[in-house]
Amino acid sequence: MNTNDIQLFALPLGEQLSSEEWNAFTIMLPSHVQKNIMQYKQWQDRQRALLGNTLIRWALLPFMNKAVCHITQDIYGRPTVANHKHWEGDFNLSHSGDWIVLALTTNGRVGIDVEEIKPVNKDIMHYALSKQEFHMALHQPLHTFYELWTLKEALFKTGLFPNLSPHLLDTIDIKTTRADLSTQLLYLDQRHPVTICWNNSSTNVKITTLNRQQLL
């Protein structure tokens with residue numbers, strides 16, 4: 001990985017794992033993570049959680065010098081690597097619809113959000129968007145709302161706005177007042193926009209599409 005790149009890993013959810021595949025992935029995860037995964041009722045949600053946790057550890061492994069990768073949460077519930085002398089970067093996970101995505105940087109902060117485009121009503125738009133954003137999206141195609149929403153979530157998930165919830169972030173104001181932040185919008189397919197936000201000097205996002213067998 002080029003240290004100037006933000007790395008984006010994209011993994012399709014795919015068909016339901018066989019029991020053999022499930023066991024192969026599960027055995028690589030700590031017992032408390034396995035327990036949390038099994039609390040989900042729908043197989044799709046269990047599989048997203050399983051593959052997402054596996055993807056994080058797979059992506060971090062090159063930077064861990066074969067040490068045990070202990071993932072914890074900060075005071076705001078944001079996942080992070082716990083006290084590892086070889087790691088000064090950041091990662092962030094998101095999943096929706098057919099995709100699981102992970103953003104990785106070797107320095108600074110990064111946030112990512114992917115959403116599946118589905119119909120929304122005005123009440124949801126009012127809740128999710130600022131007044132400026134609402135008027136921008138109201139008479140635009142549906143994907144405009146999701147582009148704004150993934151941007152808000154990606155900004156929030158950097159952890160740089162800990163005292164605000166996503167719907168209170170005004171992306172229009174932030175883009176004009178926070179020169180330290182960079183963002184990029186991508187489409188994994190026609191139904192899944194993804195936005196990445198970061199605060200280092202990186203200028204390039206490198207995209208790698210994986211299949212789940214590569215994680216084993």
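Before I place the residue I want to start with, a word on terms: helices and strands here are DSSP runs, a helix having at least four residues and a strand at least two, and they are numbered from the N terminus. With that in hand, and bearing in mind that what we are looking at is a predicted model, we can say that Asn163 is found in the loop between helix H6, residues 142-157, and helix H7, residues 171-177.

Is Asn163 buried or exposed? Its relative accessible area is 71%, and because the cut-off for exposed is over 50%, Asn163 counts as exposed. Although Asn163 and Tyr76 are 87 residues apart in sequence, their C-alpha atoms are 9.5 Å apart in space.

H6 has 16 residues, which at 1.5 Å a residue should span 22 Å, and its end C-alpha atoms are 23 Å apart, which agrees. H6 is mostly covered, with twelve of its 16 residues buried, and among them are Phe145, Leu148, Trp149 and Leu155, together with Lys152, Glu153 and Lys157. Just after H6, Gly159 takes a positive phi of about 80°.

I turn now to helix H3, residues 43-60, which will come up in several places. H3 has 18 residues and reaches 26 Å from its first C-alpha to its last, close to the 26 Å expected, and H3 is also mostly covered, since 13 of its 18 residues are buried.

Which residues have the most contacts inside the largest nonpolar core? They are Leu60 and Phe91, in a core of 27 residues. Strand E1, helices H1, H2 and H3, and strand E5 each supply at least two residues of this core, and the largest share, seven residues, comes from H3. Leu60 itself, if we do not count residues up to four places away in sequence, touches Cys69, Ile71, Val81, Trp87, Phe91 and Leu104. There is also a second, separate core of 14 residues, which includes Leu8, Ile112, Val194 and Trp198. As general background, nonpolar side chains in soluble globular proteins tend to be buried together.

The next topic is the largest pocket, in which about 630 Å³ of space lies. Its lining is made of 21 residues, and those nearest its centre are Tyr40, Asn53, Gln73, Pro79 and Leu93. H2, H3, strand E2 and strand E4 each supply at least two lining residues, while H3 gives the most, with seven. By class, the lining has nine nonpolar, nine polar and three charged residues.

His70 is partly exposed, with a relative accessible area of 45%, and, leaving aside neighbours within four places in sequence, His70 is in contact with Thr80, Val81 and Ala82. The C-alpha atoms of His70 and Pro30, which are 40 residues apart along the chain, are separated by 9.2 Å.

Finally, I would like to show you Thr208, in strand E9, residues 204-209. Thr208 is partly exposed, at a relative accessible area of 23%. Which residues are in contact with Thr208, once its neighbours within four places in sequence are left aside? They are Gln7, Leu8, Phe9 and Ala10, and for Gln7, which is 201 residues away from Thr208 in sequence, the C-alpha to C-alpha distance is 7.7 Å.

Conventions
Residues numbered from 1 in each chain as written. Predicted model: local features only at pLDDT ≥ 70, side-chain atom pairs only at ≥ 80, totals over all residues. Heavy atoms only, no water. Core = buried A, V, L, I, M, F, W, Y, C linked by side-chain atoms within 4.5 Å. Buried < 20%, exposed > 50% of the residue type's maximum accessible area, 1.4 Å probe, protein only. Contact = heavy atoms within 4.5 Å. Expected span 1.5 Å × (residues − 1). 1 Å grid on protein atoms, 1.4 Å probe; cavity = no way out; pocket = protein on both sides within 12 Å on 5 of 7 lines; lining within 4 Å. Points joined across faces, edges and corners; volume = space filled by probe spheres on them. Nonpolar A, V, L, I, M, F, W, Y, C, P; charged D, E, K, R; others polar.
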